[in-house]
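We'll hop from stop to stop, and at each one I'll tell you what to pick and what to look for.

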Amino acid sequence: GIVGASLLIGTAGYMHFAGYRLVDAFLNASMILGGMGPIGDLPCDSAKWFAAFYALYSGFALLTTVAIILTPSMHRVLHKLHLEG
């Protein structure tokens, strides 16, 4: 859910701020969300601002998603090792 919503936000943002077609906006949002970086040059400063904040958001979303996924298993490991947690 987090990844899908993030991809939707990124695609809509690239379409609005950079004027990209759907496929190009989806490509750029996917590449940033995947940690690879944008494809091509951005046409204006507002698109660059969006891309910068979307990249920061993507990093935060990645860390949040990993934490949500790993928390239950790490909790079990701490219990198995009889550690406080």
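Does Ser58 count as buried or exposed? Select Ser58: at 4% relative accessibility, Ser58 counts as buried. Here buried means under 20% relative accessible area, exposed means over 50%, and partly exposed is in between (1.4 Å probe, protein chains only).

Some housekeeping before we move on. This is a predicted model, in which local features need pLDDT of at least 70 and side-chain atom pairs count only at pLDDT 80 or more, while totals for chains, interfaces and linings use all residues. Residues are numbered from 1 along each chain as its sequence is written, and side-chain values use heavy atoms, with hydrogens and water left out.

**Stop 1: around Ser58**

Ser58 sits in helix 3. Helices are DSSP runs (H or I, at least four residues), numbered from the N terminus. Now show the partners of Ser58: setting aside neighbours within four places in sequence, Ser58 is in contact with Ile32 and Leu33. Contact means heavy atoms within 4.5 Å.

**Stop 2: helix 2**

Select residues 22-33, which make up helix 2. How far apart are its end C-alpha atoms? They are 16 Å apart, which agrees with the 16 Å that 12 residues should span at 1.5 Å a residue. The expected span is 1.5 Å times one less than the number of residues.

Next, colour Ala25, Asn28, Ala29 and Ile32, the buried residues of helix 2. Look down the axis of helix 2: these buried residues fall within an arc of 95°, so they line one face of the helix. The arc is that of the directions from the helix axis to the C-beta atoms. Here's a handy rule: an α-helix has 3.6 residues a turn, so residues three or four places apart point the same way. What covers the buried residues of helix 2? Helix 1 (2-18) and helix 3 (45-80) are included in the cover.

Stay with Asn28 for a moment. Asn28 is buried, with a relative accessible area of 3%. Not counting residues up to four places away in sequence, Asn28 touches Tyr14, Tyr20, Pro38 and Ile39. Then step just past the end of helix 2 and click Gly35, which takes a positive phi of about 90°.

**Stop 3: where helix 2 meets helix 3**

Show both helices together. Helix 2 and helix 3 pack at an angle of about 45°, with their axes 9 Å apart. Axes are lines fitted to C-alpha atoms, for helices over the stretch in contact, and angles run from 0 to 180 degrees between N-to-C directions. Helix 2 and helix 3 are therefore oblique to each other. Angles under 35 degrees count as roughly parallel, over 145 as roughly antiparallel, 65 to 115 as roughly perpendicular and the rest as oblique.

(Ala, Val, Leu, Ile, Met, Phe, Trp, Tyr, Cys and Pro count as nonpolar, Asp, Glu, Lys and Arg as charged, and the others, Gly among them, as polar.)

**Stop 4: helix 1**

Helix 1 has 17 residues and reaches 23 Å from its first C-alpha to its last, close to the expected 24 Å. Select Ser6, Leu7, Gly10, Thr11, Gly13, Tyr14 and Ala18, which are buried in helix 1. They cover an arc of only 165° around the axis, which puts them on the same side of helix 1. On the other side, Leu8 and His16 are exposed.

Click Thr11, buried at 9% relative accessibility. Which residues does Thr11 contact, leaving aside neighbours within four places in sequence? The answer is Leu22, Ala25, Phe26 and Ala29.

Now bring helix 3 back. Helix 1 and helix 3 pack at an angle of about 180°, with their axes 10 Å apart. They are therefore roughly antiparallel to each other. The residues of their contact divide into 13 nonpolar, 5 polar and no charged.

**Last stop: the loop**

Helix 1 is followed by Gly19, whose phi is positive, near 70°. Finish at Tyr20, in the loop between helix 1 and helix 2. Tyr20 is buried, with a relative accessible area of 16%. Beyond four places in sequence, residues that Tyr20 touches include Tyr14, Asn28, Ile39 and Leu42. The C-alpha atoms of Tyr20 and Leu42 are 9.5 Å apart in space, though the two are 22 residues apart in sequence.

Terms used: Helices (H or I, at least four residues) and strands (E, at least two) are DSSP runs, numbered from the N terminus.
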